[in-house]
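Have the 3D view open as you read.

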Amino acid sequence: MGNHTTVSTFLLWGFSGFPDLQNLLFVMIFFCHVTTVTANVSIMVAIQLSHNLHTPMYFFLCGLSISETCTTMVILPRILVDLLSDNKTISLPECATQMFFFLGLGGNNCFIIAAMSYDRYTAIHNPLHYAIRMTHKICLQLMMASWMVGFLVSLCIVITVFNLSFCDSNTIQHFFCDISPVVSLACDYTLYHEMAIFVLSAFVLVGSFILIMIFYVFIGSTVLKMPSAKGKYKAFSTCSSHLTVVCIHYGFACFVYLRPKDSDSFREDTPMALTYTVLTPLLHPIVYSLRNKEMQIALRKVVDNANRLISQRVNKRTLNI
């Protein structure tokens, strides 16, 4: 991208420091990847097939499942290939593309989670006007804005990173092209670049988190004014799954992206980054499945329909034989 860049390929060092664990890591990551994709696709199918789930909350949940699935597809297949391959090189354009989609989808996840908190605030604070304020058009606009802002910020970060000069080492001390491990290889990385990247990252993470906290302050004040304990419990229970996802998502994301780093800390950060990229997308559908009775019923219907379809096909083949 930049005229001064002399490095054309990078080496993803990542798990090379753990040669004895690579087969185990492959099995674990492959299992998590398949489970994550299956769980998110099941949620999407359940929401589409269940008319009682055609509400704003489940519309955003479906969008989050799509985004989470795409996020894992950007990172995990490449990790699995590298774990089985001796050639762990990645070209500069491929590295930039991977970073662009990973950061864009990650930012999109943050703003979708913020939109979900606005949905919960509207449902609890003003239930009589909920249908007017959360129409399908408004939900679609919020979803589109999440995608656009996420990828716009990602584009700004990628342009900043890949306009730097990479003229020394080409070994990325990570298992994918993340911001800090890549910029640590640049020859002309300055405080200006560091501040620009930090501000853009903080805009996504801290900005969306502040929005979520503002909505939950209003939710809390509304719930505390409710006269009955049953009403309070019901209101808080509708937010429990979302709050759990917020804690998981922002806890890991802020630790990985907002704390100060140096080039010696990337090896120590590998387990945390692996947790964020592999386990976090897996935990989100599990949380919404285990803590939501409507989703449990819808998922059971999907499983029953799938079993019925499989048994019908098996019976047809048996009859043909």
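Helix 2, helix 3, helix 5 (136-162), helix 7 (191-224), helix 8 and helix 9 each supply two or more residues to the lining of the largest cavity. This is a predicted model, so please read every value below as computed from it. Helix 3 makes the largest contribution to that cavity's lining, with six residues. The space inside the largest cavity comes to about 290 Å³. Among the 22 residues lining it, Leu103, Gly106, Gly107, Tyr257 and Tyr276 are the closest to the centre. In total, the structure has five cavities of 30 Å³ or more.

Which helix gives the most to the lining of the largest pocket? That is helix 8, with nine residues. At least two lining residues also come from each of helix 2 (56-84), helix 3 (92-125), helix 9 (266-290) and helix 10 (293-320). About 700 Å³ of space lies in this pocket. Its lining has 28 residues, and those closest to the centre are Met57, Arg120, Lys234, Ser237 and Thr238.

Three strands make up an open sheet with mixed pairing, in the order 2-1-3. Strand 2 (89-91) and strand 3 (171-172) are the edge strands, each pairing on one side only. Strand 1 (residues 9-12) runs parallel to strand 3, and two bridges join them. Within that pairing, Leu11 has Thr171 of strand 3 as its bridge partner. Helix 3 packs on the sheet and touches strand 1, strand 2 and strand 3. The direction of helix 3 makes about 85 degrees with that of strand 2.

The structure holds one disulfide, formed by Cys95 and Cys177 with their sulfur atoms 2.0 Å apart. Why is this disulfide left-handed? The torsion about the S-S bond of Cys95 and Cys177 is about -125 degrees, and therefore the disulfide is left-handed. Because Cys95 lies in helix 3 and Cys177 in the loop between strand 3 and helix 6 (179-183), the pair ties together parts that are 82 residues apart in sequence.

Note on methods
Residues numbered from 1 in each chain as written. Predicted model: local features only at pLDDT ≥ 70, side-chain atom pairs only at ≥ 80, totals over all residues. Heavy atoms only, no water. 1 Å grid on protein atoms, 1.4 Å probe; cavity = no way out; pocket = protein on both sides within 12 Å on 5 of 7 lines; lining within 4 Å. Points joined across faces, edges and corners; volume = space filled by probe spheres on them. Helix = DSSP H or I, 4+ residues; strand = E, 2+ residues; numbered from the N terminus. Pairing = 2+ DSSP bridges. Contact = heavy atoms within 4.5 Å. Axes fitted to C-alpha atoms, helices over the stretch in contact; angles between N-to-C directions. Disulfide = S-S within 2.5 Å.
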